[in-house]
Amino acid sequence: MQTVKLGKTGLEVSPVGYGAFKLGRNQKTKYPESYELPDDQETTRILESVLDLGIRLIDTAPAYGISEERIGKLISHRRDDFVLSTKTGELFENGESHYDYSAAGTRASIERSLKRLKTDVLDIVFVHSNGRDSFIQQQTDVVPTLQKLKAAGLIRAIGFSGKQVSGAELALEWADALMVEYHISDTSHARVIEEAHRREIGIIVKKGLASGHLAAPEAIRFVLGNPLVQAMVIGGMNTTHLASNCDVARRLLAQSAA
């Protein structure tokens with residue numbers, strides 16, 4: 001799969017990224033159907049298939065249960081094959097989410113992620129919002145702490161994964177990339193996407209399939225049909241479906257380039 005530049009981060013990502021939520025967490029999800037976590041052997045097969053399909057962006061988070069740990073354990077030997085995106089601010093333990101946007105909490109989160117993912121540098125770290133987008137950015141230490149960690153070389157790019165348009169608009173002032181919800185049924189972030197493009201801030205779309213509630217082919221064509229979107233994250237454990245989704249993206253991009 002071809003790669004595209006993610007804003008001015010210096011990173012290149014595939015238009016389809018892989019969301020590793022289902023590899024690590026199956027409690028308190030928004031998916032329409034329940035599922036069992038795959039074992040290590042099956043998880044290895046899935047992740048290797050993801051990379052073999054040409055997907056060059058893998059997105060995870062501490063809030064995704066054991067997802068980070070599994071990526072580090074099972075495919076760290078292929079670290080150069082993909083851009084690694086994770087998050088800070090939310091941790092999911094004992095069936096509950098816990099939030100910490102303090103300087104100490106942010107540093108500890110990044111240290112844990114580096115260790116779990118078995119890497120010396122995190123390509124992208126997004127602030128994982130609990131819904132209080134403005135408060136997090138204006139009243140906590142998470143943003144300046146991430147800026148310091150980026151300056152120290154532990155992170156290549158920083159960004160915001162929020163809930164509200166107003167939160168994404170605030171993040172335009174400091175973020176290298178934004179992760180926004182954008183799909184056929186919700187285009188509220190369209191103007192933010194346009195402004196991010198003007199500022200050369202990368203855009204990665206989350207929940208482009210509305211957590212599994214939209215038909216994949218139509219949803220992918222809608223999201224990647226917007227030339228201002230660099231990538232959309234698609235999750236799941238069915239690699240046949242994932243391969244079909246990649247084919248849809250390839251055909252769409254080939255048509256756009258023709």
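Colleague: Which residues does Ile58 touch, not counting residues up to four places away in sequence?

Modeller: Bear in mind that this is a predicted model. Ile58 is one of the residues that touch the most other members of the largest nonpolar core. With residues up to four places away left out, the list for Ile58 runs to Tyr18, Leu47, Val50, Leu51, Ile71, Ile75, Phe82, Val83, Leu84 and Ser85.

Colleague: OK, and how many residues are in that largest nonpolar core?

Modeller: In soluble globular proteins, nonpolar side chains tend to be buried together. Here Tyr18, Ile58, Leu178 and Ile220 touch the most other members of the largest core. There is also a second, separate core of 13 residues, with Leu6, Leu57, Val83 and Ala157 among them. The largest core has 60 residues.

Colleague: How much of helix 2 is buried?

Modeller: Helix 2 covers residues 67-75 and is mostly covered. The buried ones are Ser67, Glu68, Arg70, Ile71, Gly72, Leu74 and Ile75. Two of those names, Ile71 and Ile75, also turn up among the residues that Ile58 touches. The count for helix 2 is seven of its nine residues.

Colleague: What covers those buried residues of helix 2?

Modeller: The cover includes both helices and strands. On the strand side there are strand 4 (57-59) and strand 5 (83-88). On the helix side, the cover includes helix 1 (40-52) and helix 3 (103-116).

Colleague: Is Asp100 buried, partly exposed or exposed?

Modeller: Asp100 sits in the loop between strand 7 (96-99) and helix 3. Leaving out residues up to four places away in sequence, Asp100 touches Gly89 and Gly105. Buried would need under 20% relative accessible area and exposed over 50%. Asp100 comes in at 36%, so the label is partly exposed.

Colleague: What separates the C-alpha atoms of Asp100 and Val142?

Modeller: Along the chain, Asp100 and Val142 are 42 residues apart.

Colleague: Zooming out, what is the radius of gyration of the chain?

Modeller: The C-alpha trace spans about 45 × 45 × 35 Å along its principal axes, and 55% of the 258 residues count as buried. A compact globule with 258 residues would have a radius of gyration near 18 Å, so the chain's value agrees: 17 Å.

Colleague: Last one: how far apart are the mean positions of the positive and negative charges?

Modeller: The chain carries 31 positive and 32 negative charges. Its accessible surface is about 11600 Å², with 46% belonging to carbon and sulfur atoms. As for the two mean charge positions, their separation is 1 Å.

Technical notes: Residues numbered from 1 in each chain as written. Predicted model: local features only at pLDDT ≥ 70, side-chain atom pairs only at ≥ 80, totals over all residues. Heavy atoms only, no water. Core = buried A, V, L, I, M, F, W, Y, C linked by side-chain atoms within 4.5 Å. Buried < 20%, exposed > 50% of the residue type's maximum accessible area, 1.4 Å probe, protein only. Contact = heavy atoms within 4.5 Å. Rg over C-alpha atoms; globule rule 2.2 N^0.38 Å. Areas by Shrake-Rupley, 256 points an atom, 1.4 Å probe, with all protein chains shown as cover. Lys, Arg positive; Asp, Glu negative; His and termini not counted. Charge placed at Lys NZ, Arg CZ, Asp CG, Glu CD. Helix = DSSP H or I, 4+ residues; strand = E, 2+ residues; numbered from the N terminus.
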